[in-house]
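Dear colleague,

Please find the structure below, handed over for your records. My notes on what was found in it follow directly after.

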Amino acid sequence: MPSDLSYWLVSAPLKDGDPNVMLEEVRRSLGSDSIVGGFEIPELKAGTLSSLLTLSDYLPKLDSQFTSIVSKLLDTLRSLLDDPSKLPQHARVNDQPAEKYLIPGTPQGWRWDTGRWGSGGKVGEIVDALTAEINSIESIQKQKQQSYSLAKGSLTTLQRKRMGNLSQRSLLDVVKKDDLVENSEFLETLLVAVPKNLIKEWDEKYERLTSMVVPRSSQRIAADDDFFLQSVTVFKKVREEYTHKCRENKFIVRDFEWDEEALDKQNKEIAALGAEEKELWTDLLKLTRVNFSESYQILAHLKCVRLFVESVLRYGLPADYAGVIVRPEPKTAVKTLRTLSSQFSYLASSSRGPQVKGGKSAGGPGDEVGGEWASVMEAEYYDFVLFEIPKVEV
């Protein structure tokens, strides 16, 4: 059962050479259950049967790769936008909603881009061109995302230094020059983060943790939800011992050196990184919008190639086929599939194996196929050719 979260691409031989006839017949049979549009299948150069079988086996893997790239680009757009309601403005194909691109509402429906991919080309060469294009998109996208991630990571690291608790964060904007004993040959002010539940122990112990501690020198400099930042003045010669004793009592001595210019440097660095991150974010958003649009179009053309290849393998040459695209409604998707199966039931004689309930065909005891084409020949399918292309959920 194809997913009701995707569009269904259907291909079948023409009855009278006019694709609009098949389109109107499908529209009439489905009625209001689904939106239906035309989907052009170009006349490509099929090549040999062996090459088509190879492509039929290879194309599902490419399809999965292309779909994954499109999905990742959509996820990137979501992650870049702080407001989910803005996603429809960016997740567009040819500067329009994806559905409008696939089902434009014109009599012709979706058209193969002959200006970009030519007409009547060799199937293998077109597949190679589509693959090269989407691989290039993926490579450029990865490079740009890596640059943005590095800048964002550096900015986040600096911001965290200013946003953590007093046992971790930078103290440049917390401690003032007057809080410290400076220019003393023998004395040094230590800054200690004391857990709030241990503040009484600190008051009782700090003078006696080691010798050579200045009495009543502890002062409270700052506080947050978890810690008090206390100062204490000791003789420089006992600094290491005092730090060790603090650690034993779960008091955290912070490394700090007064630098009048350090805070200004830090602020300028954050501002510079913030500006760089914003610029890279803007560039990445623009690039992702373009790449999403391009990738979705490439995916649609790959699906079209799959329709062509499978139609030739199923119905033979000349390549006189027509395609339609169906947007099923979730509540009536099963009915829609049943209607399509009935609509194209006349193709049962052209399909591989006998007809079974639901429109699928299955091989009988004598239909087993071995060798390298087994996975192709055993694939589940309907009497008409059916593939899916994901909807863009925004």
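Arg306 and Asp63 are both buried, where buried means under 20% relative accessible area, exposed over 50%, and partly exposed in between (1.4 Å probe, protein chains only). The two side chains form a salt bridge whose closest N and O atoms are 2.8 Å apart; a salt bridge is a side-chain nitrogen of Lys or Arg within 4 Å of a carboxyl oxygen of Asp or Glu. Because Arg306 belongs to helix H9 (residues 262–315) and Asp63 to helix H2 (residues 49–80), the pair ties together parts that are 243 residues apart in sequence. Helices (H or I, at least four residues) and strands (E, at least two) are DSSP runs, numbered from the N terminus. Asp63 and Arg306 are also linked with Lys303 in a network of salt bridges.

Please note that this is a predicted model, in which local features need pLDDT of at least 70, side-chain atom pairs count only at pLDDT 80 or more, and totals for chains, interfaces and linings use all residues. Residues are numbered from 1 along each chain as its sequence is written, and side-chain values use heavy atoms, with hydrogens and water left out.

Further salt bridges

The whole structure contains 18 salt bridges. In one of them, Arg239 pairs with Glu188, with 2.8 Å between the closest N and O atoms. Arg239 lies in helix H8 (residues 239–248) and Glu188 in strand S3 (residues 187–195), so this contact ties together parts that are 51 residues apart in sequence. Glu188 is partly exposed, at 21% relative accessibility. Asp264 and Lys268 also meet in a salt bridge (3.3 Å, N to O); both lie in helix H9, four residues apart, about one turn of the helix. Asp264 is partly exposed, with a relative accessible area of 40%, whereas Lys268 is exposed at 55%.

Helices and backbone

Helix H2 has 32 residues and reaches 46 Å from its first C-alpha to its last, close to the 46 Å expected; the expected span is 1.5 Å times one less than the number of residues. H2 bends by about 30° at Tyr58, and Pro60 follows within four residues. The bend is the angle between axes fitted to the seven residues ending at a residue and the seven starting there.

Val123, in helix H6 (residues 123–163), is buried with a relative accessible area of 1%. The C-alpha atoms of Val123 and Lys45 are separated by 5.9 Å, although these residues are 78 apart along the chain.

The peptide bond from Leu317 to Pro318 is cis, with omega near 0°, and Pro318 is in the loop between H9 and strand S7 (321–328). Asp95, which is not a glycine, has a positive phi of about 60°; Asp95 is exposed at 59% relative accessibility. Asn183, likewise not a glycine, has a positive phi of about 55° and lies in the loop between H6 and S3.

Cavity

The structure holds one cavity of 30 Å³ or more. On a 1 Å grid over the protein atoms alone, a cavity is a set of points where a 1.4 Å probe fits but cannot get out, and lining residues have an atom within 4 Å of a point.

Note on methods: On a 1 Å grid over the protein atoms alone, a cavity is a set of points where a 1.4 Å probe fits but cannot get out, and a pocket is an open set with protein on both sides within 12 Å along at least five of seven lines; lining residues have an atom within 4 Å of a point. Grid points are joined across faces, edges and corners, and a volume is the space filled by probe spheres set on the points.
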